[in-house]
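The following exercises are to be worked through with the sequence and the model in view. Each task is followed by a solution in steps.

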Amino acid sequence: MKETQTDTLIAQVVALAPEANREFLTIGRLLRQIKAQAKRRFQDAIKALGLPRRAQYFVKLVDSLDGLGIPDDRLQRVGWVKLAAIIPKLTKANALSLLAMAETNSAPNVRRVIRGDDPLWGYRAVNLFLSADDYETFRRVVMRHGATANGRSLVGQDEALMLALAKLNAIEGENAPAL
């Protein structure tokens, strides 16, 4: 079977996959080229990359950012997560100010500023890796304490978790023995 130009592009995308967080602009441009050349093969390329959601972001990013005259090295330093957060509000007129804001804030703060909220300083992030049963317990507790469901996400879960912990701490007391 003869290799087509699209096959070559897909192979390049696959080769870049391990460095996707750093090579997001190149991957986005290659995927955009595949989509323009062989729309039917575009989904094949995304599957081959193994990062379907991210791949869609990469294409959207390059579609929005190319032509603004911002050097790739600056965009890469900001990173695709922060860029994806500013894209919904990005215009040619505000591109440089949004980019400067993204350069000086964490990804959660960039999302907060884009929503119109103030950034939070001095906070710590906590990642929880929970089993399905433990996640359901977590979900029930935070929803009982003020979090709301938004699709598969929880809104206000941080505040709700802290409220639940404050109530538990009040019941058990500051000097409760560790489990």
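Asn 105 is buried, because its relative accessible area of 10% falls in the buried class (under 20% relative accessible area, with exposed over 50% and partly exposed in between, for a 1.4 Å probe and protein chains only). This is a predicted model, in which local features need pLDDT of at least 70 and side-chain atom pairs count only at pLDDT 80 or more, while totals for chains, interfaces and linings use all residues. Residues are numbered from 1 along each chain as its sequence is written, and side-chain values use heavy atoms, with hydrogens and water left out.

**Exercise 1. Describe the surroundings of Asn 105.**

Step 1. Locate the residue: Asn 105 belongs to the loop between helix H7 (95-103) and helix H8 (107-115). Helices (H or I, at least four residues) and strands (E, at least two) are DSSP runs, numbered from the N terminus.

Step 2. Examine the polar contact (a pair of N or O atoms within 3.5 Å; within protein, one must be able to donate a hydrogen and the other to accept it, and residues adjacent in sequence count only if both atoms are side-chain atoms). The Asn 105 side chain reaches the backbone oxygen of Met 101 at 2.9 Å.

Step 3. List the contacts (heavy atoms within 4.5 Å). With neighbours within four places in sequence set aside, Asn 105 is in contact with Lys 82, Val 110, Pro 119 and Trp 121.

**Exercise 2. Classify the ring pairs that Trp 80 forms with Tyr 57 and with Phe 58.**

Step 1. Recall the rule: rings of Phe, Tyr and Trp (its six-membered ring) pair if their centres lie within 6.5 Å, and planes under 30 degrees apart count as stacked, over 60 as edge-to-face and the rest as tilted. By this rule there are four aromatic pairs.

Step 2. Take Tyr 57 and Trp 80: the ring centres are 5.9 Å apart and the planes are at 35 degrees, so this pair is tilted. Tyr 57 is in helix H4 (residues 52-65) and Trp 80 in helix H6 (residues 80-86), so the pair ties together parts that are 23 residues apart in sequence. Tyr 57 is partly exposed at a relative accessible area of 36%, whereas Trp 80 is buried at 14%.

Step 3. Take Phe 58 and Trp 80: with centres 5.5 Å apart and planes at 80 degrees, the pair is edge-to-face. Phe 58 lies in H4 and Trp 80 in H6, so parts that are 22 residues apart in sequence are tied together. Both Phe 58 and Trp 80 are buried.

**Exercise 3. Determine how H2 is oriented relative to H4, and H9 relative to H10.**

Step 1. Axes are lines fitted to C-alpha atoms, for helices over the stretch in contact, and angles run from 0 to 180 degrees between N-to-C directions. Angles under 35 degrees count as roughly parallel, over 145 as roughly antiparallel, 65 to 115 as roughly perpendicular and the rest as oblique.

Step 2. For helix H2 (residues 24-37) and H4, the packing angle is about 90 degrees and the axes are 8 Å apart. H2 and H4 are therefore roughly perpendicular to each other. Among the residues making this contact are Phe 24, Ile 27 and Leu 31 of H2, and Phe 58 and Val 62 of H4.

Step 3. The axes of helix H9 (residues 132-144) and helix H10 (residues 157-172) come within 8 Å and cross at roughly 85 degrees, so H9 and H10 are also roughly perpendicular to each other. On the H9 side, Phe 138, Val 141 and Val 142 meet Gln 157, Ala 160, Leu 161 and Ala 164 of H10.

**Exercise 4. State whether Val 13 is buried or exposed, and which residues Val 13 touches.**

Step 1. Val 13 is part of helix H1 (residues 5-16), and its relative accessibility of 0% counts as buried.

Step 2. Apart from residues up to four places away in sequence, Val 13 touches Ile 27, Leu 30, Leu 31, Ile 34, Ala 45 and Leu 49.

Step 3. From C-alpha to C-alpha, Val 13 and Ile 171 are 55 Å apart in space, and they are 158 residues apart in sequence.
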